[in-house]
Each structure stands twice: as structure tokens, then as C-alpha cells.
Amino acid sequence: MPSLENIANFIHNWLYTTFNATVALLLEFTIVAILVIGLFSVLGLVLIFMERKVSAYMQVRLGPNRVGPKGIFQTVADTLKLMVKEGMTPNNADKFLFNLAPFIVMTAAMLILAPLAFAKNFQIWDINIGVLFVTAISSVSVIGILMAGWASNNKYSLLGAMRSGAQIVSYELSAGLSIITIVVLSESLKISTIIESQANGWWIFKGHIPAIIAFVIFIIAVTAETNRAPFDLAEAESELTAGFHTEYSGMKFALFFLAEYVNIFIVCVIGATLFLGGWMPLHFGTNTTFNEMMDYIPSSLWLFGKTFFLIFVIMWFRWTFPRLRIDQLLNLEWKYLLPISMINLLLATAMAILGWHF
Amino acid sequence: MFLKEYIQDIYGAVKSLLIGMRRTGYYFTNHKEIITQQYPDNKATLNLSERFRGEVVMIHDENNEHACTGCTACELACPNATIKIITQFDISPDGKKKKALNKFVYHLDLCTMCNLCIVACPTDAIKMANTFEHSVFDRSKLTKILNNPDSKIRAGIE
Amino acid sequence: MANSSIIFYILSALILTTAILSVTTLKIFRAAIWLLFSLIGIAGLYFWLSVEFIAAVQIIVYVGGIVVLIIFSIFLTQQSGKGMQKNSLRRIIAATIAIAIGFVMTSLLIFQFDFKLENKIFDSGIAKIGTQMLSVEKDGFALPFEVVSILLLAAMVGCIVIAIKSKPQEK
């Protein structure tokens, strides 16, 4: 049966038997880079179209419906438009940093992709600190945003960047704590081990209440970290025109826009991996017939299904809730999410020590 | 107690957010409430809401009679001089002179569809119509005379 | 030259160039960004040494914490967008002498220290680090760990004391 694992192994073996080790390694790097860039562009097209359709139906509209059947080529047309648009640089901007910022944001998003497992044994780099690596790299993308805000030489950009910085730095805490909850339960930071530990049930089922609380906090925190509504006050249109990317146009703007959607995808993959079992099919205990039936669905489909479910939930948030004020935002984090996730972590640790989880 | 309020806060917040999400979830799954009109495609079956304000028209019945007495209440009510009423004096059968409408001039290009003239009319002679395809090549075509030629006031309206 | 040493030289070149750029640039924000790249290069060096945990912590603490803090303080400073003044000749000479002395001292230290090559596989697993961090036996880090915790707690209490709004005095 052709699975992603088999294809990857076949290519790997073929490269190493045909070329010498260095050349084969370089070729693999190239293939991975092309795949990542391809995945990013496809994701950008799919997610933006999905967002527009979801928002339309939630607002009792139809959404894009002219370009192609049901409007599915709308985002392709938009991308073409953005490509041929002039990329302007403001006169008094710090031109070097202004042009560098979108690439930093994009590179950070690409790096986070490395330890994620997309299917059974299909992973770029199964590093033994996988989850920590993800948290570490995701703190780099805030630098890109701060850089964009500063280099634009525009007060709206600067304000947006500062808000965004404060928001990401504070919500990283509770996102990290809820990730640690799962790390405590699965006793590993390695993504593949975390997924293996869910072979007899996903953590959200096995971990009872602490896992569910951690999941809810994780979803809220990553919604804030990706600067999406109801936490989109970094680019609040009604106050700051567009926040940190006010001055960007053309392809550089497109990179920021793409990075936003890719980041949503990434955090949803992480959420699916930690709480919903990653590529692990729905298993219940040792009920073999049911488990085997579930195994017939390919593992990559499981992961993408879960991920898109989470993406849909985050979009659902965006098109339902109104935007928070900055003080409400910080209150929510420091007075509610952080204490709750700390107590929750304590609970989860007690549970892991006493072996109360399944 | 502090802890009780804290938990109540969280409970209330989560509950209200879930109610909001149920609403949008309902809209997402039930497409019959979609209000988008795909305009040029569905010209024949266009479904405009009753209160949509397209332009001012004068109501005429089948005998070509209207209810306008020429009182100029609408002209006075109009905030930007869209309506100009030209009156004449009719001679009634018993020899009395009576003020009556000659021309109801309506400048569509000045109208903001504010509905004040309709509210001001004491005899409900004018109303807002649903038509909206008003583009013309010549501005003078936007100046309209609302009463039909040879129409007259309905009997019994003062 | 082995592949790994090529990567080492690339990383070192990145660290050194960005470090030099960071101290020579006349724009304060650019200095912060060059410092950021230098720190990322050091994290890359840790990855090269395959001590991934240290590398990730380097990124979290320095890139996600310190540099963001520096950038925030630049944002909140008046007139930080203007370039700094050119350094006077005296300063440049003094700085060069200081660098030379520092360089000579460090290299003397490094070359005089007798590094021993141990043929032992270095275990950089998280579990090992965790147990060692809280171990009270020989070579355990329980005491430093607790001391650092208390220091951080004190710093946090201090922050809250400074930041807290004093209630208006009731008459």
C-alpha cells in the first residue's frame, strides 16, 4: 500500500544508492525545501479560501462565487494580483529591515515545520526536544513583527507591533504551560513519542479534566499568538489601519498574510498532535476490531482532518466574537488563563504521578 | 466570596461565548437565510425587501387619480430641495377657486432617500418605490414629474 | 574538510560578522537586530554540538526574552530612531586596546588549559538534565536551582511592588 512513509523511504534509498552521501543529503534538503514551499503555497490558497467561505456563511452571505465553480479559484486570482503589484518602500523607512522583516516571519514559520509529524513515520526532523523546539522558534516570529513595525516609520505600525509583541510574549506563557501539561502526561518532548503514547486513546480522552482544560487554554492562547480575532488588536483595522503591515504592499504583504495562515496551520497541527493524537487513528483502549477498522484510514488523512477541524474552530471564533480591548486582553491572560493553567498543571502532575490517567 | 465570583465570571463568560458560537454555527449549517442577491444574474427573480427605498413615486389608482392636494408639506420637509410642487387653481363646478396640483417635480439626483417627505404627506399620496436601476446618460433625465399627465385628484380628498 | 567543519565555519563567520556589525552600527535598532542574529548563530552552534536542549533554551531566553526586551526598551525611548553620533578617535583607540587585551587574555586561557578528550558519548537527554537539576547528591544542582528560584521570586515580587497602584488614602 503506498503511504507517505513508503514513498519517502523509497526516495531516500534510491538517492543514497545512486549518489554519494553528501550529494544525496543535499538533494534531500532540496526536496524537503521544495515540498515545504509547495505546502505553504497550497495552504495559503486553501486556507484563505476557506476563511472567506466560512466567514461568508457565518455572516449569512455567499462569499466568493465568481472565479471558477463556487469561486474556488478566487485566491489564485488574488495571488496573481499580489504578485504583479508594486512592492513599495516608504521613503524614511529603514529599508534593509523593512525588506528583511517578512522573510524573518516566513523563515520562523518554515523552521517550526521541521519537527511536525504529518503521517506515520513521515517527519522532517524527529528532534528529541520537538515540542520545546516549536515553542522556541515560535518566539522568533515576534521579532519579525517588531522589526516590521519599527522599520515602517509609521506610528500605526509601531503601535501595532508593540501590541502584538506584548500579546505574543504574554500568551506564550499559558500556551507553554498547557503544552507542558501534555509533556508531563506523555513523559517526553519528542513528537513521535508523544504520538506513540496516544496509541490507546488520545490525551484529551485519557487525560480527563486537566487535558480538556489544557486544550481549551491552548486553543485560546494560540488564537492570541497568531494575532487573530478576537485578539487581533495588533492589526485592528478600525484603530490602526492594518497594524504592523500598514506600509507593506505586493508580495511583501503577501508574505505576512501567508505567514499568518501558515502559523494557524502550524499551531493547529501542534494542537492536534498533543491533544488529538496527531496522525494516530481514533483508538479506544485495546478494542482491537474497532482499532483495526480505524487503521484503514491513512494516517495523513487523520492528521489533516483533525488540523482542519481545529482551524475551523479558530475561524469560528474569529467570526463570532468581538475584539478585546488591550486591558481586557492582558486581564484575560494574567488573571484567568495563567492561574488556571498553573493549577491545571499541578493537577496533571499529581495525576501523572498517581497514575490516574488511562 | 472572591473564589465564587471568579468561577461565576468564568462560567458566565464561557456560556455567553457558546451562545454566540451556536448562533454562527446555525448560520453556517443553514443556508436558507442567506440574503445575498446575485444581482445581474437574478434580475427576473430579484427579491428586495419591502422597506427598501429606491425613489419617490406618486400613487395613482386605476382611474388615473392621485391623492395629492398640492399642500407642499413634502417640499417643506425635504432637507435638500429635491421636491418642487407647482400648483394651479382649478375652478370647481360651483364656481369656487381651488388650489390643486399641476406638476410634482422630483429631482432624483438630489434625493437622499431619507423618507421625510413620505412621513410628512398628510394624504399618503407618495411612497418609496423599490426600483433602483436609475443610471442614465443625461442628468436632465433625473428630473421627473411624478403625477401622470391628465391625472387628477381623487374625489373626497381635501 | 569534513561537512560538519564547513557548517562550523559558516556559523562562526555568521556569529562574528553580526557581532561586529552590532557594535559598529550607528542605528540602535539595527544593533539589536544584529545582536539577535549573533545569538541565533550561537544557538545554531549548540545545535551543531547536538545539545538541542541548550540550543532551544538559548533561543527562548535570549531571542524570545532578552532581545524582545531590548527592542521594547528601544521602542519606548525618545528619539531612538535617529542615528547615534560618530565615535571620537580616542574612543576608537581605547576600544581597540580593550578588545586586544580581552582577546589575548581569552586565547591565553584557552590555549593554556589542558583540554582532555574523553571517549564518552555525551548524553544530552532532557530526562538526565531534569534529574540532575533536582538531585541532592554529588554533582546535583538542587541548591543552585533553589537559589535561582528564590532570586527570581524576589525579582518578581519587586516588579509587582513597583508596578502596583497604591490605593488612594482614605480620610
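Predicted model: local features only at pLDDT ≥ 70, side-chain atom pairs only at ≥ 80, totals over all residues.
Helices here are DSSP runs of H or I with at least four residues, strands are DSSP runs of E with at least two, and both are numbered from the N terminus. With that in hand, let me begin with chain C, which has six helices and zero strands, so that its elements, followed from the N terminus, read α-α-α-α-α-α. The radius of gyration of chain C, taken over C-alpha atoms, is 22 Å, well over the 16 Å that the globule rule gives for 171 residues, and chain C is therefore more spread out than a compact globule; the rule itself is 2.2 Å times the number of residues to the power 0.38.

Residues are numbered from 1 along each chain as its sequence is written, chains are lettered from A and ligands numbered from 1 in the order in which they are written, and side-chain values use heavy atoms, with hydrogens and water left out.

The C-alpha trace of chain C spans about 75 × 55 × 30 Å along its principal axes, and 23% of its 171 residues count as buried, meaning under 20% relative accessible area with a 1.4 Å probe and protein chains only.

Turning to chain B, we find three helices and seven strands, arranged along the sequence as α-β-β-α-β-β-α-β-β-β. Buried residues make up 27% of chain B.

How do the chains meet, if contact means heavy atoms within 4.5 Å? Two pairs of chains touch, and the pair with the most contacts is A and C, whereas chains B and C do not touch, their nearest C-alpha atoms being 19 Å apart.

Finally, within chain A, the axes of helix α4 (residues 95-112) and helix α6 (residues 141-151) come within 8 Å and cross at roughly 160°, these axes being lines fitted to C-alpha atoms over the stretch in contact, with angles from 0 to 180 degrees between N-to-C directions. α4(A) and α6(A) are therefore roughly antiparallel to each other, a term for angles over 145 degrees. Among the residues that meet are Leu97(A) and Phe98(A) in α4(A), and Ile145(A) and Met147(A) in α6(A).

Conventions. Parallel < 35°, antiparallel > 145°, perpendicular 65-115°, else oblique. Contact = heavy atoms within 4.5 Å. Buried < 20%, exposed > 50% of the residue type's maximum accessible area, 1.4 Å probe, protein only.
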